[in-house]
Amino acid sequence: SDTPVPETYDEFKEYWDDTVEHELEMTPAATQAIVQALGGEAPRPAFIPEQLWPMLEVPVMPVANHLKLLTIGELPPRVRERFHLPFSHMDKARLNLFRAAVASTDLLPIPDKIKYHPRAYAGLQRLRQQ
């Protein structure tokens, strides 16, 4: 329903600030995500057999090393403050470098079907048909 959607950006900002300040809570799932991010460990996906995971874990670790940057760094600063999540100036610099590296891939001639998540790609296709 569009009923609870704020009508203006200013109303959305008020809604967002109130949500961040009063509604968000550290749930067990959020706690688990934070623990994994701080530990820099990639959890074994359920579809990968336990015996195979040690061989696959090594190539996955570079991604796991970015878990803190992405999981904690992309949270609004007020959320990090409220829940006392560590994020240093060095972490912020590393996140900015990571963002720049990702943004630079826009310069590569990658077909949209590969470049975008399937839902985003479908949305782009709908927009192009209008």
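Tyr-9, Phe-12, Tyr-15 and Trp-16 are joined into a cluster by ring pairs. The structure is a predicted model, in which local features need pLDDT of at least 70 and side-chain atom pairs count only at pLDDT 80 or more, while totals for chains, interfaces and linings use all residues. Residues are numbered from 1 along each chain as its sequence is written, and side-chain values use heavy atoms, with hydrogens and water left out.

Rings of Phe, Tyr and Trp (its six-membered ring) were taken to pair if their centres lie within 6.5 Å; planes under 30 degrees apart count as stacked, over 60 as edge-to-face and the rest as tilted. The count by this rule is three aromatic pairs. One of them, Phe-12 with Tyr-15, is tilted, with 6.4 Å from centre to centre and 45° between the planes. Both residues belong to helix α1 (residues 9–23), where they are three residues, or about one turn, apart; helices (H or I, at least four residues) are DSSP runs numbered from the N terminus. Phe-12 has a relative accessible area of 35% and is therefore partly exposed, the class between buried (under 20%) and exposed (over 50%), computed with a 1.4 Å probe on protein chains only.

The rings of Phe-12 and Trp-16 are stacked, because their planes meet at 20° with the centres 6.4 Å apart. Phe-12 and Trp-16 are four residues apart in helix α1, so about one helical turn separates them. Trp-16 is partly exposed, at 36% relative accessible area, as is Tyr-15, at 47%.

Technical notes: Helices (H or I, at least four residues) and strands (E, at least two) are DSSP runs, numbered from the N terminus.
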